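Open the structure in your viewer and keep the selection tool at hand. We will go stop by stop.

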Amino acid sequence: MTPEKLLSYDLPLFQGIVAADLADITLSVSEQNLQPWQTIFEQEDTSCDLYFLLSGSLLAVLWTKQGREIVFSRFQIGAYFGELAAFDGIPRSLAVVAKTDARVLAMQRESFLQLFDKVPVIRDRVTRNLIDRIRTLTRRNLEMTTMSVEQRVVKHLLRLAVEQGKLSRGAVIEDAPTHAEIAGFVGANREMVSRSISKLAKQGVIKSARQKIEILDPEALSKGFAHF
């Protein structure tokens with residue numbers, strides 16, 4: 001793929017970069033189309049490509065030995081993933097599956113490592129992203145050990161609202177995670193999550209519908225996790 005073609009996707013990782021910055025890099029990149037629930041790579045997969053999400057919805061999941069599915073993250077459009085295996089060549093720790101029809105760019109490991117080595121802006125952004133992920137995992141572990149399930153559910157909904165700019169009365173979180181997905185995020189079972197969301201709905205804090213959550217009382221949501 002040419003530098004011009006790669007930059008035409010307007011991916012956040014390449015913002016501010018021009019074709020000349022990539023002139024000395026071999027860009028082995030291809031576009032892939034995915035169907036709902038198609039797996040991009042499995043847990044323990046030995047592939048090392050880096051991926052960028054162009055459209056659709058993807059989930060990073062872990063399946064335990066007991067068969068339980070734990071959802072670690074949903075990727076935003078333009079996000080990249082798979083960089084850990086691209087760095088160290090160790091088998092994947094998580095699987096990534098398409099929740100909907102989706103398109104991704106697959107970049108071979110050698111191209112990513114060249115980008116990281118030769119383009120300082122790329123190196124800085126990837127490093128900062130890894131630091132942010134470590135902090136997120138630390139925060140998540142703290143929440144798991146210090147908060148009740150109901151508090152963790154409220155905290156997760158609050159985080160979704162803030163990330164999407166929907167923390168206002170009447171705002172709607174579109175393509176909201178299912179109760180099962182939230183359960184994976186907060187380390188609970190689906191029934192406990194459903195009870196927590198029903199409680200918030202009865203209190204007039206939110207209104208929950210299929211893959212949509214309407215914020216009815218943003219102030220109560222912001223303060224709510226402290227009162228469960």
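Contact here means heavy atoms within 4.5 Å. Keep that cut-off in mind on this tour of a predicted model.

**Stop 1: the two domains.** Select residues 3-143 and colour them as domain 1. Then select 147-222, which the assignment gives as domain 2. Their centres, taken over C-alpha atoms, are 27 Å apart.

**Stop 2: where they touch.** Show the residues in contact across the boundary. Domain 1 brings 13 residues to this contact, and domain 2 brings 15. How much area is buried between domain 1 and domain 2? About 1100 Å², with carbon and sulfur atoms giving 42% of that area. Now pick V71, R74 and E143. These three supply 51% of the area that domain 1 buries against domain 2, more than any other three residues.

**Stop 3: charges across the interface.** In total, three salt bridges are found across the interface of the two domains. Four residue pairs are in polar contact there.

**Stop 4: the side of domain 1.** Select β5 (69-74) and α4 (120-146). Each supplies at least two residues of the side of domain 1 that touches domain 2. Which element gives the most to this side? β5 does, with six residues. Finally, colour this side of domain 1 by class. You will find seven charged residues, four nonpolar and two polar.

Terms used:
Residues numbered from 1 in each chain as written. Predicted model: local features only at pLDDT ≥ 70, side-chain atom pairs only at ≥ 80, totals over all residues. Heavy atoms only, no water. Domains from an automatic or database assignment. Buried area = accessible area lost by both parts, 1.4 Å probe. Salt bridge = Lys/Arg side-chain N within 4 Å of Asp/Glu carboxyl O. Polar contact = N/O pair within 3.5 Å; in protein donor to acceptor, adjacent residues only side chain to side chain. Helix = DSSP H or I, 4+ residues; strand = E, 2+ residues; numbered from the N terminus. Nonpolar A, V, L, I, M, F, W, Y, C, P; charged D, E, K, R; others polar.
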